[in-house]
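Hi everyone, thanks for coming.

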Amino acid sequence: MMRWPWEQAKDNLSEELESHLKMAVADRVAEGADPAEARAAALRELGNLPLIADVTRERWGWMWLDHVLHDARYALRQLRRAPALTATVLLTVAFGIGVNLGVYQLLNAVILAQLPVPHPEELARIHVARSPFDQSWQVSYPAYLRLQAATPDVPLMATAYAQTATLERPDRASISASCRLVSGNYFSGLGVAPAAGRLFGVADERTRQDEWPAVLRYDFARNTFGSAQQAVGRHFLLNGRAFVAIGVANRRFLGDILGSSPDIWMPLALQSTGAFAVPWDSLGPGHDVSLNKPWYNQPTIFWLELTARILPQHRAGVFAHWDQVFRNDRELMTEATADPSVKAALLRVKTTAVPLSENGMAKRFTAPLTLLMALSASIFLVGCLNLANLQLARLHGRAQELSIRMAL
Amino acid sequence: MADPDKYQNRIELLQGTLDMLILQALQRQPMHGYAIAQSIRSRSGEVLTVETGSLYPALHRLERQKWVKSEWKLTESKQRAKYYQITALGKRQLVSDHQRWLRLVRAIGAVMEPEAQP
């Protein structure tokens with residue numbers, strides 16, 4: 001049987017004391033004493049053996065461990081004697097911890113988490129003007145280029161939604177993939193590293209490509225192609241257009257919008273193919289809008305959302321500059337309405353920065369999730385209190401046994 | 001109910017002195033606990049009796065401080081016993097304990113018999 005080293009030492013000690021006793025008895029017998037009397041006398045001289053052993057053991061400095069083990073063993077014995085109670089307590093505590101952990105993870109993911117990129121606090125959604133009809137914070141491609149050219153040292157990224165597309169591979173069933181159009185500086189501006197292959201560069205922005213580059217989300221790449229490494233260089237069709245996967249984004253990067261993680265990122269220039277449905281807004285009927293032509297040179301189609309990485313202390317200066325550059329676009333937008341007060345309101349809009357975390361999802365779920373967290377925490381607390389009370393009640397029933405134990 | 005303080009107090013009372021006596025007894029040869037007690041008793045002219053309750057805690061403490069080391073052996077009467085042997089560290093300790101003891105005896109002597117001093 002496997003034994004603890006101090007148990008071994010304890011045996012050694014009792015053997016040592018036993019041998020002392022035997023020698024003392026033997027000496028007395030040699031002097032002519034009766035064996036039984038000799039033993040009694042030796043025992044008297046020796047004193048309280050267990051106590052001597054105890055005091056000696058204390059010299060080893062392990063007594064506390066011995067006590068703890070004894071207590072633990074006693075506690076386990078008690079638990080085994082009341083299986084129903086043990087099961088109740090274990091289940092209550094386990095469920096309580098589990099539920100609280102789960103709710104906390106949800107809370108953490110929805111409200112507290114930051115983008116998994118370096119210095120996420122520098123990133124902000126840039127609002128320069130509301131589109132006339134949808135009231136969404138979207139701008140045209142020429143306006144985006146102008147803003148970017150005005151402040152070349154500020155990474156300004158543009159993104160656009162695209163509707164779910166159909167992905168086809170030879171000899172495989174087609175699957176649907178959610179897509180997002182992003183500017184060439186999207187990944188470098190956010191600071192996302194590739195898990196495999198490479199991410200977009202400025203060269204990927206050119207129009208009319210025979211085979212379009214695509215960056216895949218990590219889990220999508222793994223589920224579709226086996227692994228991130230295997231996905232790189234794969235060819236596939238997306239809404240009938242030829243694509244090659246040039247890289248896979250970092251495992252933790254799920255997109256810059258909480259609650260919507262695109263499977264595939266592709267260049268903004270893909271809009272010109274017309275193969276992907278992109279939501280847009282414009283000035284309404286009577287204006288020169290050709291939806292069937294590419295949008296990159298049309299200043300009256302508003303379809304891009306802006307995200308920038310700017311240090312908070314530089315924001316005021318950069319925004320003032322952008323307001324100047326964007327003035328013509330705001331004036332263009334006023335053509336959508338005849339109401340002078342609406343026109344004036346549109347012209348008064350100033351560029352603002354909104355934290356990435358401040359989106360509809362966080363706003364919608366902060367209160368219910370906080371409530372849920374508080375609720376589950378208090379339920380756990382109440383459960384623990386009940387368990388404590390239960391223990392107290394059981395203790396009362398064992399008062400006599402315990403008083404005897406204490407006395408011993 | 002037994003009182004552990006009875007033994008604890010005695011150890012504290014004898015601490016240092018008992019250590020010195022044990023180390024001195026082990027100077028000549030390794031011995032088991034019973035022999036150490038006997039040796040101290042006979043060499044002190046039956047004046048000093050070392051209680052078992054003090055001896056074994058002291059021996060185990062000395063061993064923990066590495067002043068003695070122990071080993072199980074058979075006695076002449078074929079009885080298994082734990083033999084203690086003084087270490088180099090223990091010998092050094094004995095020298096310093098002895099000197100301290102001599103200083104103490106001289107000091108107490110000077111206080112108790114001032115006229116004997118020159």
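Look at helix H10 of chain A, where Glu331(A) and Arg327(A) sit four residues apart and are therefore separated by about one helical turn. Helices here are DSSP runs of H or I with at least four residues, strands are E runs of at least two, and both are numbered from the N terminus. The two side chains form a salt bridge, 3.4 Å from N to O; that term means a side-chain nitrogen of Lys or Arg within 4 Å of a carboxyl oxygen of Asp or Glu. Glu331(A) is partly exposed at 34% relative accessibility, and Arg327(A) is partly exposed too, at 43%. Partly exposed lies between buried, under 20% relative accessible area, and exposed, over 50%, using a 1.4 Å probe and protein chains only.

A quick word on the source: this is a predicted model, where local features need pLDDT of at least 70 and side-chain atom pairs count only at pLDDT 80 or more, while totals for chains, interfaces and linings use all residues. Residues are numbered from 1 along each chain as its sequence is written, chains are lettered from A and ligands numbered from 1 in the order in which they are written, and side-chain values use heavy atoms, leaving out hydrogens and water.

Let's stay with H10(A) and meet its neighbour. At what angle do H6(A) and H10(A) pack? Helix H6 (residues 141-150) and helix H10 (residues 315-334), both of chain A, pack at about 155°, with axes 10 Å apart. The axes are lines fitted to C-alpha atoms over the stretch in contact, and angles run from 0 to 180 degrees between N-to-C directions. H6(A) and H10(A) are therefore roughly antiparallel, a label for angles over 145 degrees. Residues making the contact (heavy atoms within 4.5 Å) include Leu147(A) of H6(A) and Trp322(A) of H10(A).

Now back to salt bridges: how many are there over all chains? The search of the whole structure finds 14. One of them joins Glu15(A) to Arg80(B), with the closest N and O atoms 2.7 Å apart. This pair crosses between chains, from helix H1 (residues 5-30) of chain A to strand E3 (residues 80-86) of chain B. Glu15(A) is partly exposed at 28%, as is Arg80(B) at 37%.

Finally, please find Glu16(A), Glu63(B) and Lys82(B), which are linked in a network of salt bridges.

Definitions and conventions. Parallel < 35°, antiparallel > 145°, perpendicular 65-115°, else oblique.
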